[in-house]
Amino acid sequence: MNTRIACVFLVLILLFQFASADQKGKLPLTTASEKARNHYLQGLNLADTLRIQESAQHFRNAIKEDPQFAIAHLNLSFTEPNTEDFFKDLNQALKFADQASEGERLWILATDAAVKGFPNQQGEYLEKLVAKYPDDERAHHLLGTYYFGLQKYEKAIGEFEKAISINPGFSNSYNMLGYSQRFVEQFDKSEKAFVKYIELIPNDPNPYDSYAELLMRIGRYDESIDNYRKALKIDSHFVNSYTGIATNLNFKGKHASARKELDKLYAIARNDGERRLALFGMTISYLDEGNWKKALEEQEKMLALARKMEDPTNITGDLNTIGTILMENGHAKEAQAKFDEAAKITADSDLSPEVKNVAQQTYKFLSAWASLKLDDVKKARAFADEFGKLAESENNQFRIWQSHQLAGMIAMHEKNYDVAIRELEQANLQDPFNNFRLGLAYQDKGDAANAKKYFERAAGNNGLNNLNLAFIRGKAKQYAKEG
């Protein structure tokens with residue numbers, strides 16, 4: 001046997017050994033290096049508890065030991081603070097996917113479909129993953145997370161419960177189970193899931209952070225802050241908890257105190273991604289306070305960081321956010337200029353055609369909104385119709401929700417309140433802005449009871465660092481009180 005064939009044969013044996021060494025019925029790991037495998041598993045355990053920065057080094061070490069370790073490249077991509085590095089890692093995962101197990105390949109392809117704007121294809125890959133590995137808790141968890149993203153919360157709950165039944169110690173599924181139950185307002189069940197999550201890993205910060213988010217949602221702000229501080233006592237760099245404390249303080253009307261917490265986050269930030277998180281929190285706090293000009297200043301700082309990072313995706317996102325703030329404060333013409341600039345930056349970038357397509361759809365959506373603000377209904381309808389046809393052809397649930405939102409907004413502008421209500425009820429009702437729009441439609445129709453219901457729903461949807469909530473929370477509270 002020649003040396004080349006012998007080496008190839010040896011690698012295949014090693015790959016088989018490490019794949020088959022996993023438990024029967026579980027998603028296997030394909031690597032020729034035991035060191036790589038150990039680093040990967042350490043990274044995965046850290047990532048499961050949202051200790052992202054710590055997990056990243058283990059994934060890098062795994063790749064150093066085995067450069068063709070496809071699933072390690074995928075998980076490294078999830079830790080990257082900018083989109084350029086995310087796509088670089090994802091492309092490496094795709095490059096080696098055919099050498100990995102079928103389960104690893106399906107996970108990689110599902111991720112690729114998600115970022116390219118093909119959620120239906122993503123779901124097909126994840127359903128195949130569960131069918132192939134029905135006894136793997138992570139497979140059910142991934143499918144549950146997919147359903148969660150589509151707001152199919154009952155299906156998500158079913159998958160997370162399956163994951164827990166397979167492995168009662170799989171803490172991450174208790175976390176997502178609690179969030180899913182929260183969104184269907186099963187608050188008692190949600191609290192039990194988060195308490196169990198804390199019991200399983202009491203020395204990790206994320207369980208306290210997740211429980212704190214539920215407490216914030218139901219208005220127990222001081223208890224929420226206490227739990228966020230417990231998370232930070234365990235890990236002072238657990239950045240989400242600074243944002244959570246700030247959001248609670250915003251809801252309590254203590255905006256200056258909220259921004260002091262975000263100053264702490266900015267001071268300890270380890271990279272530009274964490275600095276951007278602090279600045280976005282500042283944007284939210286100023287908007288919630290009603291100071292949109294200061295919010296714009298913070299968003300401009302985010303844009304400067306994105307330009308420094310030479311990150312076209314974040315640059316585009318920041319320009320669109322700046323445009324939306326301008327649009328919602330009476331400057332639709334200037335907003336449209338920002339949307340135009342964002343679209344050009346994406347079109348001129350090296351991003352994939354699929355990512356460019358997603359950005360172009362966002363441009364049409366925002367341009368329809370801006371045209372309506374400029375009282376150009378004909379132009380708004382043209383953008384909305386084009387957007388809607390594409391959403392239907394792709395059967396993209398997110399875009400279909402947005403299409404109904406635009407139709408509702410146009411009907412509202414034309415004072416056709418019954419049509420507006422029918423369309424907005426088919427939009428994303430987890431978005432507090434759409435609940436606020438429904439409140440306005442019922443109010444203008446003369447239905448005070450339903451108007452009050454939707455204003456209260458909009459004002460009380462206490463979401464973490466939510467831009468749309470910040471736009472309307474103060475007005476929704478006032479309208480609900482007046483109603």
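**A chat about pockets and helices**

Tutor: Let's start at the second largest pocket, where α2 (34–48), α8 (137–149) and α10 (171–183) each supply at least two residues of the lining. The model is a predicted one, where local features need pLDDT of at least 70 and side-chain atom pairs count only at pLDDT 80 or more, while totals for chains, interfaces and linings use all residues. Residues are numbered from 1 along each chain as its sequence is written, and side-chain values use heavy atoms, with hydrogens and water left out.

Student: What do the helix labels stand for?

Tutor: They are DSSP runs numbered from the N terminus, with helices being H or I of at least four residues and strands being E of at least two.

Student: And which helix gives the largest share of the lining of that second largest pocket?

Tutor: α2 does, with six residues. The lining has 22 residues, and Leu41, Leu44, Glu137, Arg138 and Phe170 lie nearest the centre of the pocket. A pocket here is an open set of points on a 1 Å grid over the protein atoms alone, with protein on both sides within 12 Å along at least five of seven lines, whereas a cavity is a set where a 1.4 Å probe fits but cannot get out; lining residues have an atom within 4 Å of a point.

Student: What volume does the second largest pocket have?

Tutor: About 520 Å³. That volume is the space filled by probe spheres set on the points, which are joined across faces, edges and corners.

Student: How do the lining residues of the second largest pocket divide?

Tutor: Into eight nonpolar, seven polar and seven charged. Nonpolar is Ala, Val, Leu, Ile, Met, Phe, Trp, Tyr, Cys and Pro; charged is Asp, Glu, Lys and Arg; the others, Gly among them, are polar.

Student: You mentioned Arg138. Is Arg138 buried or exposed?

Tutor: Arg138 is buried, at a relative accessible area of 15%. Buried means under 20%, exposed over 50%, and partly exposed in between, using a 1.4 Å probe and protein chains only. Arg138 sits in helix α8.

Student: Which residues is Arg138 in contact with?

Tutor: If we skip neighbours within four places in sequence, Arg138 is in contact with Leu44, Asp48, Trp107 and Phe170. Contact means heavy atoms within 4.5 Å.

Student: OK, new topic. How many cavities of 30 Å³ or more are there?

Tutor: The count comes to one cavity of that kind, and the largest cavity holds about 50 Å³ of space. The elements that give two or more residues to its lining are α14 (239–251), α16 (272–289) and α26 (467–482). The largest share, three residues, comes from α14.

Student: And which residue classes does the lining of the largest cavity have?

Tutor: Four nonpolar, five polar and one charged. Among the lining residues are Thr247, Phe251, Asp288 and Ala470.

Student: How about α4, how many of its residues are buried?

Tutor: Eight of its eight residues are buried, so the helix, residues 70–77, is mostly covered. The cover includes α2, α3 (52–65), α5 (83–96) and α6.

Student: Last topic, loops. Where is Glu310?

Tutor: Glu310 is in the loop between α17 (292–309) and α18 (312–327). Its phi is positive, about 55 degrees, although Glu310 is not a glycine. Glu310 is exposed, with a relative accessible area of 61%.

Student: And Asp375, where does Asp375 lie?

Tutor: Asp375 lies in the loop between α20 (353–373) and α21 (377–394). Phi of Asp375 is near 65 degrees, a positive value in a residue other than glycine, and at 54% relative accessibility Asp375 counts as exposed.
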